[in-house]
Amino acid sequence: MPRTSPYPTAAAFMPDRLTMTALRDAVQHCEGCPLYANATQAVFGEGLRSAEVMLVGEQPGDQEDRTGAPFVGPAGKLLDRALDEAGIDRRKAYVTNAVKHFKWRARGTRRIHDKPSWTEQRACRPWLEAELALVKPRALVLMGATAAQSLLGKSFRVTQNRGAALESSLAELVTATIHPSAVLRADDREEMFAGLVADLGLVADELRRAAPR
Ligand code: URA
Ligand code: SF4
């Protein structure tokens, strides 16, 4: 295996000016890791630049890859329901992913999710950091291990630390929870869904309690 990657990480593809428009444009030209090659397009975050909550998932799925928008497929529908039950308005949130291109493998005619490697997660992090720097959300919600480990380190364990305020300077409130797709895959869907809603409820409470900025 080669020791050095031919890919320079996303840092080499960052625009000079950090604006949403410049970022959204530049990400479509990113070759910071191999994932751009088999995807339809990069899927950047969506939502208000002034959003109080930023929700971070793993990577786009099949439908996100086709449409270019994050969390529009089955996991997105489930997230919508969970946010609604928790009392968080998705239209007022900023929703994005740790990795911007869909990583997949073929199963018959279907394209199924393939987990991005640590190298790919790290390569893609500059885009997420730029989104954080621009949106400056009061609450940052990391959904699943990829999002949490991308920003908090490889040793972070969602199962042990979910649903609590974490020690972090990334935002006023930083918290981790399970990924909506984990609910879809689970046998005990209802319980898992209730857990996701409860974790999001902490964020909703905190936002209501804290004074608006
Ligand atoms: N799963 C994710 O992590 N992100 C999406 O945008 C869709 C599914
Ligand atoms: Fe660039 Fe991220 Fe896409 Fe890799 S996944 S090519 S780092 S945007």
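Visitor: How do you know which way the residues of β6 point, and what makes them count as buried?

Guide: In this predicted model, Ala-139, Val-141 and Met-143 point one way from β6, while Leu-140 and Leu-142 point the other way. All of them are buried, a word that stands for under 20% relative accessible area, with exposed meaning over 50% and partly exposed the range in between, using a 1.4 Å probe and protein chains only.

Visitor: What rules stand behind the numbering and the values?

Guide: Residues are numbered from 1 along each chain as its sequence is written, and chains are lettered from A and ligands numbered from 1 in the order in which they are written. Because the model is predicted, local features need pLDDT of at least 70 and side-chain atom pairs count only at pLDDT 80 or more, whereas totals for chains, interfaces and linings use all residues; side-chain values use heavy atoms, with hydrogens and water left out.

Visitor: What makes β6 and β7 a pair?

Guide: Two strands pair if DSSP finds at least two bridges between them, and strands themselves are DSSP runs of E with at least two residues, just as helices are runs of H or I with at least four, numbered from the N terminus. β6 and β7 share five bridges in the parallel sense, and β2 and β6 share four, also parallel, so both couples pass the limit of the definition. Across these pairings, Val-141 stands opposite Thr-175 in β7, Leu-140 opposite Val-174 in β7, and Leu-55 opposite Val-141 in β6.

Visitor: Why are β1 and β7 said to stand at the edges of the sheet?

Guide: Five strands form an open sheet in the order β1-β3-β2-β6-β7, with mixed pairing. β1 (46–47) and β7 (173–177) each have a single partner strand, so one side of each is left without a neighbour in the sheet. Helix α8 (residues 189–209) packs on this sheet and touches β2 (53–57), β6 and β7, where contact means heavy atoms within 4.5 Å. Its direction makes about 170 degrees with that of β7, the angle running from 0 to 180 degrees between N-to-C directions of lines fitted to C-alpha atoms, for helices over the stretch in contact.

Visitor: What makes Gln-121 count as buried, and which residues touch Gln-121?

Guide: Gln-121, in helix α4, has a relative accessible area of 3% and is therefore called buried. Leaving aside residues up to four places away in sequence, Gln-121 touches Val-99, Lys-115, Pro-116, Thr-146 and Ser-150.

Visitor: Why is one space called a cavity and another a pocket?

Guide: On a 1 Å grid over the protein atoms alone, a cavity is a set of points where a 1.4 Å probe fits but cannot get out, while a pocket is an open set with protein on both sides within 12 Å along at least five of seven lines; lining residues have an atom within 4 Å of a point. The structure holds one cavity of 30 Å³ or more, and the largest cavity has a volume of about 90 Å³, a volume being the space filled by probe spheres set on grid points that are joined across faces, edges and corners. Of its 15 lining residues, Cys-30, Gly-32, Cys-33, His-101 and Cys-124 are closest to the centre, and α4 gives the most to the lining, with four residues. The largest pocket holds about 870 Å³ of space and is lined by 35 residues, with Ala-75, His-113, His-179, Ser-181 and Arg-185 nearest its centre.

Visitor: What makes His-113 count as buried, partly exposed or exposed?

Guide: His-113, in strand β5, has a relative accessible area of 41% and is therefore partly exposed. Its contacts, not counting residues up to four places away in sequence, are Glu-58, Gln-59, Phe-102, Lys-103 and Arg-105.
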